[in-house]
Amino acid sequence: MVLSAFLLLLGATLLAYFLNRKAAISIRAGGTQLHSLESFHGLFAALSVLVPVLAGILIWLVLRGSAVDWFLLQSLPEGTFDGLDSGASQLIVAEIKSIAGGRVFGTPDPWKTEAAERLLRYNEIADWAMVALVAISAAVLLWFARSTVGAQFRARQSAERIVLGLMMFCATAAIFVTIGIVFALTFETIKFFQIVPFTEFLFGTSWEPQIPIREDQVAAEGAFGAVPVFLGTIVISTVALLVAVPVGLMSAIYLNEFAPHRLRSAVKPVLEILAGVPTVVYGFFAVLTVAPAIRQFAATIGVDVAPNTALAAGSVMGVMLIPFISSFADDALSAVPRSLRDGALALGATRGEMMLNVLFPAAIPGIVGGVLLAVSRAIGETMIVVMAAGLIAKMTINPLDSVTAVTVQIVTLLIGDTSFDNPKTLSAFALGMMLFLATLFINIFALRIVRKYREIYD
Amino acid sequence: MNDMRKIEREARMTDTKITARNVNVFYGETHAIKDVDVDIADKTVTAFIGPSGCGKSTFLRCLNRMNDTIDICQVTGDIRLDGTDINAASVDPVQLRAQIGMVFQKPNPFPKSIYDNVAYGPKIHGLARTKADMDEIVERSLRRGAIWDEVKDRLDQPGTGLSGGQQQRLCIARAVATEPEVLLMDEPCSALDPIATAQVEELIDELRQEYSVVIVTHSMQQAARVSQKTAFFHLGNLVEYNDTGLIFSNPNDERTESYITGRIG
Amino acid sequence: MTDTTPETSGPNPSHSTTEMVRQSLARRNRKQVVLQGFGVAAIAFALSMLVILVGSLVTSGYPALTQTHVALEVFVDPEEVDPDNLPGGGYDEMLAASLGSYFPDVDMSDRASARTVTKILSNGAQLQLREQVIETPSLIGETITITVPAADNYDQLNKGLIQRATPEENRRLNDAEIARFDTLDAAGAISTPLNTALITSADSRFPELAGLKGAIIGSFWALLTCFLISFPIGIGAAIYLEEFAPKNRLSDIIEININNLAAVPSVVFGLLALAVFLGWFGMPRSAPLVGGMTLALMTLPTIIIATRAALKAVPPSIREAALGVGASKQQVVFHHVLPLAMPGILTGTIIGLAQALGETAPLLLIGMNAFITSAPTGPFDSATALPTQIFIWADSPERGFVSRTSAAILVLLTFLITMNAIAIYLRQKFERKW
């Protein structure tokens with residue numbers, strides 16, 4: 001059905017193009033001078049049909065599911081959901097949907113079967129309504145576009161105005177994404193803070209989000225003090241930066257100043273490979289190789305360490321960040337004007353002194369910007385910590401202990417079936433909000449530093 | 001002409017600072033400097049003039065081996081400072097550059113304080129034992145750079161905050177702080193306004209008392225004002241080298257004459 | 001210039017300078033060598049990490065490229081199969097009977113003792129036999145030769161991952177089990193062909209049956225969706241910002257916004273998709289369509305930034321030339337600038353899509369880590385993607401999944417390398433010096 005709507009739209013668009021083009025050609029054949037080329041008349045007609053109808057179809061597709069659900073809920077017998085929480089009522093809706101989809105388990109209640117039949121009917125109505133609406137609106141627009149054709153009509157300007165409008169819409173799409181993120185996070189976070197006090201979340205030192213979802217489950221009472229989670233993220237990120245910053249900076253210094261040309265052009269792309277490896281691969285690498293190696297090493301020197309240490313996750317994350325820092329530092333060093341290098345060398349500085357005393361200090365703003373972006377990456381990095389760090393939030397800064405992280409909690413709290421009304425799920429959004437705000441501020445700050453730095457030497 | 005130069009050279013042999021023989025420079029395929037011979041006298045300002053791209057800056061950079069920093073650049077020939085071959089394997093360019101200071105076309109103060117800019121050379125070479133020594137070197141150098149009075153109250157402020165002329169004099173002060181024997185200046189006034197240029201030229205004249213100064217310029221007026229000896233370069237060749245007065249009043253080579261009278265350049 | 005005091009008296013300082021410099025030189029050069037040493041060490045560390053990473057994946061993934069199979073002569077017993085109910089036949093009994101012929105000492109009529117023998121075979125063996133019989137019912141009453149996968153433990157034994165030297169109590173197969181396997185091996189029934197199931201099968205709870213077909217198709221649909229959304233929008237946005245946008249506050253905000261969006265953690269995009277696409281719009285969970293939409297949001301800034309760079313690289317003289325012959329601004333862009341920038345745009349897009357292919361966290365949040373044993377037939381079906389499949393397998397306790405995870409990673413890396421190679425090829429082929 002969706003496909004036929006699209007085909008209908010495509011046909012209408014092509015029809016509009018050729019109709020208007022033909023009309024324009026015949027006007028010109030009659031000896032009248034046209035303001036715009038014929039193909040622009042066609043283009044204008046095609047765009048005036050395509051754009052509004054396509055927008056209509058997309059909005060319809062997005063809202064259809066919710067609308068049909070709403071009608072379905074209205075049609076259910078009074079009192080179906082009395083005394084049920086939203087998890088249970090979602091289950092009922094899901095069951096009706098699976099009956100409608102032909103997957104019947106056991107013998108469902110007759111009212112559910114009826115509801116499923118109604119659902120199928122609604123869906124069918126919705127499909128037909130869409131096709132009908134597409135046909136009608138396309139016809140109206142076709143007629144409108146056809147009526148515009150004339151010698152004086154500025155078809156090129158009109159068509160270009162539509163194209164410009166489309167491009168402006170594309171450009172603002174990025175803003176809509178940001179607004180979407182902010183809204184989604186704020187909305188769920190506010191719901192969370194209605195259940196759990198803000199101060200407890202921000203200053204509490206106990207994090208045990210596994211509260212019972214159903215009455216009969218036995219689980220700990222929930223506690224939502226996020227301090228140990230934040231602490232875990234800080235510990236792991238610190239380990240990562242302790243690996244990445246020195247290694248990244250040293251390789252950048254060497255590649256920028258000392259490495260022979262051929263070595264530099266060979267090593268740089270290989271380092272870029274490290275940056276291109278998906279994080280899930282790093283996560284598995286941490287579990288498969290690094291964590292056992294650390295455990296084995298600790299055993300040989302007689303230290304007892306946790307199976308999933310912050311050290312393992314952090315150091316692998318550090319390896320991931322090496323190319324990030326080294327390419328930022330390399331760019332920053334290269335941006336320092338040649339005259340400064342010459343000035344230092346002409347004074348009799350060795351190349352090492354020139355690098356450490358002049359180039360490196362001059363490049364520090366750019367390097368700091370890069371390191372800050374790396375920090376924001378480290379705290380937002382998900383897969384490595386999900387796979388290699390722990391789940392239990394502990395108040396410790398010992399990198400040999402097992403700690404958890406903000407992103408680990410977000411993922412583990414939201415994996416599996418989720419309903420949006422218990423604090424366990426909502427707490428993930430509150431953590432996400434914190435993560436978003438922290439990275440946002442670091443990013444804005446870092447990008448500003450980097451931009452300022454570029455301006456100095458441009 | 002050659003004979004005349006030989007006589008001239010012998011007369012001054014005693015105070016020759018740098019002798020260059022058969023110097024050739026290649027940039028990849030380009031032959032930038034062709035068989036240049038020149039003697040640079042001590043306590044004298046020697047000017048290199050010539051049209052753009054004639055190789056005068058390239059030759060200047062041979063004298064303190066700054067061309068080493070450019071990968072594709074190859075220098076051959078014999079250049080001696082006080083009789084020592086500067087391209088010999090035993091000579092460290094670092095040491096050479098401490099003896100031969102350089103000032104560049106565009107003022108290039110380090111993004112550090114004025115004090116640190118001047119103190120940098122003495123510091124890396126270990127010329128000052130104490131803070132007081134260093135203070136003295138910095139003050140002496142800034143006085144020699146003719147900029148002390150303007151900056152003495154703000155030595156801790158960044159050198160990049162000075163005006164163009166002040167920056168260039170700071171760079172000169174920085175260069176003399178390591179007590180070099182020769183000072184190379186690569187078009188030191190081309191980025192400066194006339195007033196700053198006059199100040200720097202005055203300074204160059206004073207520096208002659210202690211150093212051998214080699215200045216590259218494409219302003220003939222400047223060469224005439226500041227130098228005692230002038231070398232004219234054209235298309236990588238050293239065309240003529242003589243006392244400044246003679247070059248400008250009575251050039252031997254017609255190319256020199258054409259340049260001076262403005263027909264080539 | 002009253003402040004110059006050129007007349008410094010005393011000995012010529014130059015010679016002392018030369019001497020002092022000479023004395024310090026060795027020490028200073030040593031320092032530089034140390035600095036260079038640190039640099040070389042840092043690079044060596046980074047490169048060795050890469051080598052260890054790839055090396056450990058290859059050594060651990062290598063065994064998963066083959067799979068131990070058992071060849072059996074099976075009599076398709078008409079008494080076990082009802083031609084009217086082919087799927088309901090007793091196929092495991094037929095397999096057991098066939099296996100029993102190798103082990104006369106085992107009483108195959110007893111379920112428990114028969115089980116000790118039949119567990120050599122994968123649970124998929126009877127399904128394979130069933131499918132074969134359903135396809136060709138005329139096989140009933142015939143004796144056919146069928147090659148079926150061995151169970152994971154025996155596969156590991158055959159590959160040497162379970163070592164016979166290990167004491168029996170620490171081994172996952174006891175001596176009797178190993179002896180039975182050896183009997184089959186001696187009879188020539190064991191073979192170790194290339195593990196094509198890794199690519200041609202969908203996921204399974206049993207390592208010996210699990211494959212990546214579902215994940216690859218899921219990733220394909222997700223990437224296609226991602227491309228269809230982010231490519232046109234990204235190019236449109238970039239053209240507007242680079243060629244048409246007035247320099248005002250709004251375009252400044254958009255610019256800052258795009259740069260920031262490129263640095264937002266991926267898991268936050270997952271939260272957005274979960275709350276908006278699944279929560280508010282009621283879209284299906286685990287669908288590649290939703291995964292692709294989420295990835296599109298993340299790829300968008302990459303494509304915009306790459307496209308703007310490519311547009312910037314087209315020299316203004318081209319624009320001026322076209323404007324000079326009377327083209328409108330849009331004609332200039334669409335006829336001249338955009339075609340010239342296309343190789344750069346495509347390179348950026350492919351690199352963005354390669355990033356999207358490796359992205360895991362947002363897909364986990366929208367449920368693309370479900371356990372699904374059939375490949376999706378369209379973008380609305382529940383599915384996994386390659387990286388989420390790797391995550392699922394990495395989390396599975398069965399030993400056989402360790403090497404399969406590594407093998408899956410190698411498959412993912414192969415796709416990524418191919419995409420990047422295409423990007424590099426495009427860049428080099430169409431690189432233009434203005």
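Me: Which strand is joined to β3 of chain B by four bridges, and how do the two run?
Reply: In this predicted model, four bridges join strand β3 (residues 45-49) of chain B to strand β8 (residues 212-216) of chain B, and the two run parallel; strands here are DSSP runs of E with at least two residues, helices are runs of H or I with at least four, and both are numbered from the N terminus. Local features need pLDDT of at least 70 and side-chain atom pairs pLDDT 80 or more, while totals for chains, interfaces and linings use all residues. Residues are numbered from 1 along each chain as its sequence is written, and chains are lettered from A in the order in which they are written.

Me: And what is the bridge partner of B:Phe48 in β8(B)?
Reply: That partner is B:Val216.

Me: What order do the strands of the open sheet take?
Reply: The six strands of chain B follow the order β6-β7-β8-β3-β9-β10 with mixed pairing, where two strands pair if DSSP finds at least two bridges between them. The edge strands, each pairing on one side only, are β6 and β10 (237-243) of chain B.

Me: Switching topic, how many residues does each chain give to the contact?
Reply: Chain B gives 22 residues and chain A gives 16, with two residues in contact if their C-beta atoms, placed from the backbone, lie within 7 Å. On the chain B side, α3 (93-99), β6 (100-103), α4 (114-125) and α7 (164-176) each supply at least two residues.

Me: How many helices and strands are there in chain B?
Reply: Chain B has 11 helices and 10 strands, and its C-alpha trace spans about 55 × 45 × 40 Å along its principal axes.
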